[in-house]
Amino acid sequence: MSIEINGVTKRFGAFLAVDDVSLDIPEGKLTALLGPSGSGKTTLLRIIAGLEQPDSGTIRLGGQDTADVHVSHRGVGFVFQHYALFKHMTVFDNVAFGLTVKPRRERPPKGEIRDRVLELLRLVQLEGMAGRYPSQLSGGQRQRVALARALAVQPKVLLLDEPFGALDAKVRAELRRWLRRLHDELHVTSVFVTHDQEEALEVADQVVVMNKGRIEQAASPQQVWDKPANPFVYNFLGSVNLFRGRVHGGQAMVENVRLCLPEMKSDAESRPVVAFVRPYDLDVSRKPFAPDDIAAQVRFIHSAGALIRIDLQRSDTGDAVEAQLDRDRFRELALSVGDTVYLHPRNMQVFVEDYQI
Amino acid sequence: MSVTTTTARPAAHPPAAPLPRPRRARRLATEEAPWVRYTLITIALLFLLCFLVLPLAAVFAGAFAQGAGLYLESIREPDALAAIRLTLTVVAISVPANLVFGVAAAWAIAKFEFRGKSFLITLIDLPFAISPVIAGLIFVLLFGAQGWLGPWLGEHNIRIIFAVPGIVLATAFVTFPFVARELIPLMQEQGKDEEESALTLGANGWQTFWRVTLPNVKWGLIYGVILCNARAMGEFGAVAVVSGHIRGITTTMPLHVEILYNEYQFAAAFAVASLLTLLAIVTLVVKSVIEWKTDRRRRRAAH
């Protein structure tokens, strides 16, 4: 079922949590709401579920306005960050809960409930755990019980609030791939909230980047990565180096690198620009490659991991710069702390105030 | 198979010299010296003996001072039986009333945001802050013959002060915070997540309350009821003001003990007092069992 969000605003006292947000979430897709804490992503998710009332704006589920529909009748499955399993019930009773609270005439017979619960437990790979209590399960297992419980009532929309937030890195990575496969199997429209850009880019069909209660960009992971809409999105998706320059008559000068900006040709004024360079788009060499390369000093080398991360300090301005090298290149350069190197941006993203190149 | 380029070399260093053996027996770094521990324990035990165990023993000794015959007689005497009946009646009304109120108040405070919430919390504490005598006087002022509602009540021939309803009201007022006070922190700690997930799963408010909220606070609730019950049975001050001391009609057990004592019937006074004491001990035992059980549950949940 598609979700249409139209002009939704929500305040908590003086704090504007969601600021006039409009968004279409396509049917059957997995959408990520990505943003830093306080960006309004969880509030927006809770508004969709009906756990929070918007101050203004509408939510339409499958084309139907939900303003007067109570949470318990919206047909949404909600998975909480801290699982929110019923502590005093077994795994079986937790998963069966949604079926047993149905009004008598809609409630399936006991045997059917049993079959459905066991099938769901198989789906989330927790067969044989039906008799356990939540306190006897690991974090990852609890989260899967929570998911099975939400799926038991066959929701039209599945909402997940930081579903992997409380898990350790390895379980997180496994579980999110598993979620992706599960989604491909079930095709239920799903929205999950995360502050982890890696998670959003890896799992989602559509990434919605939020900041300060507003949507900065909503696009496919590829698009968000390659064509970030603004400096915030660029910055949020990974570590970046920032350089400043000016644009004038269709040409930008950033750190003595001349860039052609034909779109700006008509603009006669000289305007400040910012340029972002990803650490892996920065060439590092012992000798200046071109006369306008940036001289910098090696401050620290993080050599654990697939890529070597190098913290540098520019010799002219003293600003910190981060570069990433693969192991071969690093060995070739034989860098050590204190060495002077030259940096050359291979690829940069230039933003002129509200104008993007 | 993986091959590492560095090869391990046999340890070239000689084994480290053993640390000098401590002279005294090993002690955990966080523990005090034994003499400190034993002194503290002795002081605590002596204190308990003098101020708790001895008086308790004295009650029973006093009760049986003139033989078991008199003991039984003073309990079987009609005024004593009336006092026991009255006490049980008062408890049977005020405890369930406070149970319902306490759960409702704790639920409202812990799970909802509303205007005047902190005022309500303060209000719940009021009976703890006010002296019971003053609590009794409040009811006299309200319902007494010269009180605000007195003339109206008199016209309709309703007696509250110097009658059972007044005793129930005073007891309920004094014991009012126990259940709510016990539940509020517990419910606040548990948050709203489980209730919200019950709602998203299609449960209505009533189902959510009975199947999720209540089972989660079960032990805290029982604990609160026990404390409430103990206080309701033993309440003296507030009840003394509104009761009027009509023997066999408006005397509860604590009041009956006082009357007997003032009439120099020490053995009888102690006999009735021993019944109250016994009830207190049973309450404490039940409370300890529940504490032990919750503790075990919590420890199991932590694993």
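**Notebook: a two-chain predicted model**

I began with Gln154(A), whose place is in the loop between α4 and β7 (157-161) of chain A. Helices here are DSSP runs of H or I of at least four residues and strands are runs of E of at least two, numbered from the N terminus. This is a predicted model, where local features need pLDDT of at least 70, side-chain atom pairs count only at pLDDT 80 or more, and totals for chains, interfaces and linings use all residues. Side-chain values use heavy atoms, without hydrogens and water; residues are numbered from 1 along each chain as its sequence is written, and chains are lettered from A in the order in which they are written.

**Entry: two positive phi values**

I looked up the backbone of Gln154(A) and found phi near 50°, a positive value in a residue other than glycine. Most residues other than glycine have a negative phi, which made me stop here. Gln154(A) counts as exposed, at 58% relative accessibility. My cut-offs are under 20% relative accessible area for buried, over 50% for exposed, and in between for partly exposed, with a 1.4 Å probe and protein chains only.

Lys212(A) also has a positive phi, near 50°. Lys212(A) sits in the loop between β9 (206-211) and β10 (214-219) of chain A, and counts as exposed at 66% relative accessibility.

**Entry: where the chains meet**

How many residues of each chain are in contact? I noted 22 of chain A against 19 of chain B, with contact meaning heavy atoms within 4.5 Å. The two chains bury about 1,900 Å² between them, and 58% of that is on carbon and sulfur atoms. Buried area is the accessible area (1.4 Å probe) that two parts lose on being put together, summed over both. His88(A), Phe97(A) and Val101(A) supply 26% of the area that chain A buries against chain B, more than any other three residues.

Next I checked the polar side of the interface. There are 7 residue pairs in polar contact between chain A and chain B, both residues at pLDDT 80 or more. A polar contact is a pair of N or O atoms within 3.5 Å; within protein, one must be able to donate a hydrogen and the other to accept it, and residues adjacent in sequence count only if both atoms are side-chain atoms.

On chain A, β6 (76-79), α2 (91-100) and α4 (139-152) each give two or more residues to the side that touches chain B. The largest share, 3 residues, comes from α2(A). By class, that side of chain A has 13 nonpolar, 6 polar and 3 charged residues. Here Ala, Val, Leu, Ile, Met, Phe, Trp, Tyr, Cys and Pro count as nonpolar, Asp, Glu, Lys and Arg as charged, and the others, Gly among them, as polar.

**Entry: salt bridges**

I counted a salt bridge when a side-chain nitrogen of Lys or Arg is within 4 Å of a carboxyl oxygen of Asp or Glu. Over all chains the structure holds 27 of these, and the count between chain A and chain B is 2.

One pairs Glu196(B) with Arg46(A), the closest N and O atoms being 2.7 Å apart. Another joins Glu194(B) to Lys87(A), with 2.6 Å between the closest N and O atoms. That pair runs from helix α9 (residues 193-200) of chain B to the loop between β6 and α2 of chain A. Buried or exposed? Glu194(B) is buried at 6% relative accessible area, whereas Lys87(A) counts as partly exposed at 45%.

Within chain B, Asp79(B) and Arg247(B) meet in a salt bridge (3.3 Å, N to O). Asp79(B) is in helix α3 (residues 78-111) and Arg247(B) in the loop between α12 (237-243) and α13 (253-262), so the pair ties together parts that are 168 residues apart in sequence.

Arg314(A) is buried at 6%, while Asp316(A) is exposed at 55%.

In helix α2 (residues 67-76) of chain B, Tyr71(B), Ser74(B) and Ile75(B) are buried. Seen down the axis of α2(B), the buried residues fall within an arc of 100°, so they line one face of the helix; the arc is that of the directions from the helix axis to the C-beta atoms. Glu73(B) and Arg76(B), on the other side of α2(B), are exposed.

Last, I looked at Glu322(A) in strand β18 (residues 320-326) of chain A. Glu322(A) is buried at 16% relative accessibility, and its side chain makes a polar contact with the side chain of Arg309(A) (3.3 Å).
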